[in-house]
Amino acid sequence: MTEHVLRVEGLARRRRVNHLMESLAWLAAVIAIAILAIVVWSVARKGWSELNLDLLTKSPIPFSLTNAPQGLSNAFAGTLVIVGVATLMALPVGILVAVYLNEFAPPSIRTGVGLVLDVLAGVPAIVVGIFVFVLLVAGSGQSGLKGAFALAILMLPFVARTTIEVLALVPNALREASLGLGIPQWRTTLSIVLPRAAGGILTGTVLAVARVAGETAPLLFTSSLVGNQTSWNPAHALQTIPVAIFELSESPDPKDHARAWAAGFILLLFILCASLTARWLATRNARKIAGR
Amino acid sequence: MSAADISAEPVRRPFTGRRVRFGDLLLQALAGGAALGATVLVGLIVWKLIDGAHPALSKYGLGFVTRIAWNPVVGHELYGAGSFLFGTVITSFFALLVATPLAIGVALFLSELAPRVVQAPVTALVETLAAVPSVLVGLWGILVLGPALRTHIEPWLHSGLGWIPLFGTPSAAGASVFTAIIVLAIMILPIVSSISRELFLGVPSELKEGALALGTTRWEMVRGVVLPYSRGGIAAALILGLGRAMGEAIAVTQVIGGGVFIHWNLFGTGDTLGSKIAASYQGASTNLQSASLIYLGLILLVLSLAANIVAQWIVRRVSRQHGVTRGGHA
């Protein structure tokens, strides 16, 4: 065999390897999307057929032996209250942290607190639940407020991070123009920088809400031992959709599974719509904020 | 009107140079206080967990970490984290093993192969997978995936590869460590793939084009340029994924089945640190038991903080080496 032929054979083999590897990468992408499709399809198919108005309006009946219609109205009310309160807690603090890091802090503190935010974001949700349990629940009992506090801890680094990114997009020329006109820094921040960034902050908040609305772990130890009555009072322990699904999924009764699928379908629909809208808004906002 | 307003202003403010304004001080104090609060919060989490675990910490010391026991019967109480730690390591290691090639493949597809039209939608779809709440992945895991694995995949693997201890007799209950591994792999796949994709897109195109100009195939270019260039970042992404897998409690609790023992059979049941804690949410019978549960949480916190800090450290080192500032990812 001549040198020339050898090299051509090598090329053929190299092409084959290349082809194989490219096919494997395609396959990986197909598998990833197939997994998403299968999970969403399972939830949608099983949830859709169980969907009815009773789910939203009727309370659950424990140990029910009859076929009386029951729902999860307590869980829907509780999720609205707890996620709402958590957002009210996390949003102002998160924005303030971002304002401090982006507008006031010297670089060394900025990296330091940035690292703290990353560490906070890395604390497992179940550990946050235990922390709030030790700090607030042990001895005095569970409540919706304490659950909301646990969710707010998960939201805080997320809101702060996205706000920092949005503030960084606001052109410095705007700040300089405002300061140059003699407007104090606090007015510049509140009336010029933050309004410009408002769209982006809203997007980040929607994403954060979508993320914590599905969280179960922080609520298990802070707001899970509940009755079946629908309550809007955050001073009491409130049922939530994720905790309800968690409990129903462990039940042996197929009727409970049906309700879990239906509630899961509504939760998933909400989360997917929220995150897709936010993603769409984010690309539009980034351009607008930077003034391009 | 406005012209009159301006002319009506009789006194000119004297220029005083740097003035300390009350508003500036207030906003800075508020914002700085919030940042300080976030920092204190991290310390408070560590302190409160140590505080809550104190009865178990002082009774068992560090021996707790490796002891295989969980006996809540009053009078014979004995607790240890050994089996749960083992379960955590096994499930997250194998989940990473399953997810890594898939995630790297997806990232390579998105950064090097995908036609422009499918790039954005596929990226969005893969990241949507990360938005599915863990309790729903768990619900799907226990009612759909678990039964499917038990009736089809597990017996098949057992009959073919049963001589490997990992593929032992499938458990009669629907739950298994194997289901937990697949569920965890699904949950960390989008994290690892989206970070890897950004890393691959950050590889300087002159390096890639240089390799291609030398006559390499696309795969040889990936192996010779893209992968070595992003090696450090991939390591960080994998460690972040590992941290996420170790910390996941809900979905694992739903599918893993429970039990206090160490075995290598992936088709048997088991428990992890997170799943043991989550499964005990309806209350502990004694103080020592709840302190022991908090001790489990403390171990979990230490593990995930260590993973997080190592990953951050690698990211910072790599970005300094490459001389690029790390862009955030939304």
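Analyst: In chain A, the C-alpha centres of domain 1 and domain 2 lie 36 Å apart; the domain bounds come from an automatic or database domain assignment. This is a predicted model, where local features need pLDDT of at least 70, side-chain atom pairs count only at pLDDT 80 or more, and totals for chains, interfaces and linings use all residues. Residues are numbered from 1 along each chain as its sequence is written, while chains are lettered from A and ligands numbered from 1 in the order in which they are written.

User: Where are the bounds in chain A?
Analyst: Domain 1 is 3–50 and domain 2 is 73–290.

User: And how many residues of domain 1 of chain A are in contact with domain 2?
Analyst: Seven, meeting seven residues of domain 2 of chain A; contact means C-beta atoms, placed from the backbone, within 7 Å.

User: OK, helices. At what angle do α10(A) and α7(B) cross?
Analyst: The axes of α10 (residues 241–249, chain A) and α7 (residues 134–161, chain B) cross at roughly 15° and come within 10 Å. Axes are lines fitted to C-alpha atoms, for helices over the stretch in contact, with angles from 0 to 180 degrees between N-to-C directions; helices are DSSP runs (H or I, at least four residues), numbered from the N terminus. So α10(A) is roughly parallel to α7(B) (angles under 35 degrees).

User: Which residues meet there, in α10(A) and α7(B)?
Analyst: A:P242, A:I245, A:F246 and A:S249 from α10(A), with B:V135, B:G138, B:L139 and B:I142 from α7(B).

User: What about α11(A) against α7(B), what's the angle?
Analyst: Roughly 145°, with the axes of α11(A) (residues 254–290) and α7(B) coming within 10 Å. Among the residues making that contact are A:H257 and A:G264 of α11(A) and B:L136 of α7(B).

Terms used. Helices (H or I, at least four residues) and strands (E, at least two) are DSSP runs, numbered from the N terminus. Angles under 35 degrees count as roughly parallel, over 145 as roughly antiparallel, 65 to 115 as roughly perpendicular and the rest as oblique. Two residues are in contact if their C-beta atoms, placed from the backbone, lie within 7 Å.
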